[in-house]
Amino acid sequence: MTAAAQSARAPEYEVKAAFLYNFAKFVEWPSASLAPSFRICVLGRDPFGVALSNIVQSKSISGRPIVRVQLQSPAEVRLCHVLFISQSDPEALKQVLERTRGLPVLTVGESADFLRLGGSINFVLEQDRVRFEINLESAERHHLKLSSKLLAVARVVNVGGGAN
Amino acid sequence: MRLRKIFSCGLLHACLLGFIRSVVRAAYVVRVFLCCFAISIAGLLLDTVTLLAQTTDLSQASLEELLNIKVTTASRYLQCAEVAPSLVTVVTANEIQKYGYRTLADILRSVGGFYVTYDRNYSHVGVRGFNRAGDYNTRILLLVNGHRMNDAVYELAYVGTEFLLDVDLIDRVEVIRGPSSSLYGTNAFFAVINVITKSGAQVDGAEFSTELGSFGSYKGRVTYGKQFRPFQVLLSGSYYTSAGQNLFFPEFNTPTDNFGVAVHGDDDRSRSLLAQIETGKLKLFAAYSIREKGIPTASFGDLFNDPTSRTFDGFRSFDVQYQTTFSRDWSLSLRGSHDVYTYNGRYLWKDPNIPQPILNLDLARGEWWGGEARVIHQFFEQHKITAGTEFRQNLRQEQQAYDVQPFFMYWDDRRSSLLGAVYAQDEFSLSRKFLLNLGIRHDRYSSFGGTTNPRLALIYQAREATTLKFLYGSAFRAPNAFETRSITPGSNPTLQSETISTTEVVVEQGLTHHLHLAGSGYYNRINNLISEYTDPVAGRRLYRNLDKVSSKGLEFELSSKWLSGLEARASYNLQRTIDRSTAQVLTNSPLHLAKLGIIAPLPGKHLFASMDSWYMSRRSTLAGSSVGGFPVFNFTLLSRNLGEHVDLSASLYNAFDKAYADPGAEEHIQDALRQDGRNFRVKLTFRF
């Protein structure tokens, strides 16, 4: 049962994993964050299984190999370029997003409150397709430049003054 | 002795040798393996092609292309954990490490409603007040990655040091309460325990682990796990030895019996090997284990304080599983498996008329193979249909018990049997709030006929944080080869399946963002319970469908997790399980059962402290007496990533040295068996 249910769920996260890789391609990080490797981190429950590792394996971003990292604690977020948070509990999300404040980290989530709480990109499912919303203000606060290509296919959301 | 030799010739080598030997041994085994290999190779080809195609496609896909790909999700209306038609508890690798669990029995002790009794030979799992003293551990179904582990002779779930796997290799243990015969068939009576192993990518490198504990206990483990796209490989070998304690049994406190002290009679040794290769859809699993345990209790009237009496339990398991999704709404899973279980019991006893002690050998060998196919199809968004078929051929179910000198054969029973089953389940989303889960399975045994078991669950998501479940289900346990063996002189009773029907109401409530409360009220009605009795004519212990039992209870489970790393779980069970003909509470059935576990991160990097505790109220024993209620507290301190590569933990079990006992069985002179006092373990794991 369980295993079968998982295999049925996998494709959604294969697609989301591919999106994470594309975000890395179409976002520009400040030069200060040029670590030897490009790190895509997952915090909390890992819904990707092997999908994310498969996607990023032997790929690179501006000459740096992509590394997929499972974080043990929110304190490690500063080491990430892309941070995926599967957590949907607003209080916990707020805590984590608080820790990324001002850091050059692209936060990606998949819950209703994600952008309002200060996240940058949020996945939504629409008619069985993966879409994403962008909070431009948040991306700017993290000193990230999003390419026009990305913005063209995203839904840009204005969360107003409510964001922290 | 032969086993020791195997171990010394290298982990992988030994593993291969073992399997090659079994392949060479008999033609039908070759057939089994050919079948398994056929599935694996076909699967592998398909898998490699699709996997490569898929991943290349997806990672090369443009943003626009990605936006147009349709995706499948787990469950359209409700989330996975809530959708399970019963109360499910998951214990993760994280908890196993932080709570310092040493065996699967330790893990199950922490689960609400579960209790484990130990007779210094095997561990017996009780669920919701049912764990009659002397019963074999046959009423839970134990799975490893969905592969049945209950053996083909006794159908026991082995959860102590004789369990197939080192607990360090477990990714998670899913505990599904309630009757699940509608999906899994026999033994899924009180609960299904599914142990899921880690993947090679999760281990990602080499691990060397060593531990040292009280009673002269040592354990070593070497594991290698890696991802070589598209494969993931996991190889592991473990060795455990424990000298055991010099135990005092007041029942034997005479000068001829060393004043009741069994010197070094509690020794325990086990070895296990695991090899696992998987791609996204195909999983090959091979495992081998052997456990040797000294019996200090002088069970079955054996000589006291003599190290001859001991049991050996060995497993060889092979499993290949293939899972794929065809389109958005079709998924298929196939499984082929082959298992061998060997039991070798040596018991030394004394006939007052013969000067020499007599060696009694009790031997069993079970060998079985089987296949399973399951299709899941999503119909019109509202129906998720699962349909499957399973067959199992017990190639050998052999049991012999005899005295060596003077020779006397108690039984020599060799048989084989066949089982086939079909099942179907529909998860029907009535609306966004209601989900109906209907399942039914028919099993047909070559030995005693057929049985049909339904399960019905209505799941109602009342509010976002509130889920209500109404469940009804029945389950069965087929009489096993041991219970139906023919005894000379004696009879071969025509046993029927024992049955259970369960009615249950579950409420799951998210209290705050961090707290989750689950409550359940249940009523179990068990009929035709197979019980041991002494046949007055044959003078032998035989099995009959004798008892009727009913059980009602309440269960609460509170769990919480904070991102800081703080975790806690608490559970409480109130239950009353009675024999319907006498209205007496069953033996070894506590009225109250409470658990509390807390993991707290400490200041400093990756430092955790945990407390794992449980309380069990008084339980009655076979002699009509009782063992008192008791609390037990275990503490563990864990430092993770100490110097990047090292995990170090120290555990104190039964920290307050509480003296407590479990009820003994018919084979014991002791009415109660005292359990371990305060003991410790230090564990060091290196990762590279």
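## A residue in a nonpolar patch

F680(B) is placed in strand β35 of chain B; here helices (H or I, at least four residues) and strands (E, at least two) are DSSP runs, numbered from the N terminus. With a relative accessible area of 36%, F680(B) is partly exposed. Buried means under 20% relative accessible area, exposed over 50%, and partly exposed in between (1.4 Å probe, protein chains only).

F680(B) belongs to a nonpolar surface patch of about 770 Å², which also includes L212(B), Y218(B), F635(B), L642(B), L648(B), L652(B), F656(B) and V682(B). The elements that contribute two or more residues to this patch are β31 (630–642), β32 (646–653) and β35 (679–687) of chain B. Patches are made of residues with over 30% relative accessible area and no salt bridge; like charges are joined within 9 Å, and nonpolar side chains (Val, Leu, Ile, Met, Phe, Trp, Tyr) within 5 Å. A salt bridge is a side-chain nitrogen of Lys or Arg within 4 Å of a carboxyl oxygen of Asp or Glu.

## Basis of the model

This is a predicted model, in which local features need pLDDT of at least 70 and side-chain atom pairs count only at pLDDT 80 or more, whereas totals for chains, interfaces and linings use all residues. Residues are numbered from 1 along each chain as its sequence is written, chains are lettered from A and ligands numbered from 1 in the order in which they are written, and side-chain values use heavy atoms, with hydrogens and water left out.

## Confidence

The term pLDDT denotes the predictor's confidence in each residue, from 0 to 100. Chain B has a mean pLDDT of 86, and 87% of its residues reach 70 or more. In chain A the mean is 80, with 87% of the residues scoring at least 70. Confidence in chain A is lowest in helix α1 (residues 2–26), at a mean of 67, and highest in β6(A), at 94.

Several stretches stay under 50. In chain B, these include residues 1–37, for which the model has 50 contacts beyond four places in sequence, and residues 72–82, with 32 such contacts. In chain A, residues 1–10 stay under 50 and have 25 such contacts. Contact means heavy atoms within 4.5 Å. Where pLDDT is low, the predicted coordinates should not be read in detail.

## The two chains in outline

Chain B contains nine helices and 35 strands, and 59% of its 688 residues are buried. Of the contacts in chain B between residues at least 6 apart in sequence, 62% join residues at least 24 apart. Its accessible surface comes to about 26,900 Å², 62% of which belongs to carbon and sulfur atoms. Accessible areas come from the Shrake-Rupley method with a 1.4 Å probe; for residues, only the protein chains shown count as cover.

Chain A contains five helices and 10 strands, and 55% of its 164 residues are buried.

## A helix and a strand in chain A

Which residues of helix α3 (residues 90–99) of chain A are buried? They are A92(A), L93(A), V96(A) and L97(A). These residues lie on the same side of α3(A), because they cover an arc of only 130 degrees around the axis; the arc is that of the directions from the helix axis to the C-beta atoms. Their cover includes β2 (38–43), β5 (82–85) and β6 (106–109) of chain A.

Strand β2 of chain A holds R39(A), which is partly exposed at a relative accessible area of 22%. R39(A) touches V67(A), V69(A), L79(A), C80(A), H81(A) and V82(A), not counting residues up to four places away in sequence. The C-alpha atoms of R39(A) and C80(A) are separated by 5.2 Å, although the two residues are 41 residues apart along the chain.

## Backbone features in chain B

Most residues other than glycine have a negative phi, and most peptide bonds are trans. A cis peptide bond joins Q405(B) and P406(B), with omega about -5 degrees. P406(B) is found in the loop between β18 (383–403) and β19 (408–429) of chain B.

A583(B), which is not a glycine, has a positive phi of about 60 degrees. A583(B) lies in the loop between β26 (567–579) and β27 (592–602) of chain B and is partly exposed, at 45% relative accessible area.
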